[in-house]
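Dear colleague,

I am passing on the structure we spoke of, with some notes on its contents. Please read them beside the model itself.

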Amino acid sequence: MSEENVNGAAAPAEAATGPAFTVEKIYVKDVSFEVPGAPAVFAETQQPQLQLNLSQNVQRVGDNAFEVVLGVTLTCTAGDKPMYLAEVKQAGVFGLIGFDEQTLDAMLGTHCPNVLYPYARQLVSDLIQAGGFPPFFLQPINFDALYAEGLRQRASQGNLADAETAGNA
């Protein structure tokens, strides 16, 4: 019989001899949806413009546990009038054991957001539709490319040491 983690998942076979990654908990940390001009906004005929902002925050919550919070903010405007604002902070607690600092940083900056994004994407879509707007689906995001760009930016600013251990995409 295999050993089990606290969350009921079977323990990885390589946990005793090599690096191990586990998803301990996924949850919504914060959510907000606003339609400031309702109900007049539903009669708007101008083409809506969307602005997407992503953020990420990483915090150590135990010896080998990290909370990663993926923030998604979607702002929709028509002309200069706001139609809606959807903000989601999707979070997870991840167990990472046996990784060197550079690989740990990459896991926190790429793998963890990849796990969280589908949950945030679904929640944003549900909020927008529940708010009375047509269904909207966020496109897939390449967190590997975002992380690599973040490393390049930090390296170009002369923060070479920080470039490898920033923990953010």
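Below are notes on confidence, on one strand pair and on the salt bridges.

This is a predicted model, in which local features need pLDDT of at least 70 and side-chain atom pairs count only at pLDDT 80 or more, whereas totals for chains, interfaces and linings use all residues. Residues are numbered from 1 along each chain as its sequence is written, and side-chain values use heavy atoms, with hydrogens and water left out.

The protein chain averages a pLDDT (the predictor's confidence in each residue, from 0 to 100) of 88, and 84% of the residues score at least 70. Where pLDDT is low, the predicted coordinates should not be read in detail.

Strands E2 (residues 49–60) and E3 (residues 65–78) run antiparallel, joined by twelve bridges (strands pair if DSSP finds at least two bridges between them).

The whole structure holds three salt bridges (a side-chain nitrogen of Lys or Arg within 4 Å of a carboxyl oxygen of Asp or Glu). One of them joins Lys-29 and Glu-67 at 2.8 Å, N to O, linking E1 to E3 across 38 residues. Glu-67 is buried because its relative accessible area is 7%, while Lys-29, at 47%, counts as partly exposed (buried is under 20%, exposed over 50%, partly exposed in between, with a 1.4 Å probe and protein chains only).

Conventions. Helix = DSSP H or I, 4+ residues; strand = E, 2+ residues; numbered from the N terminus.
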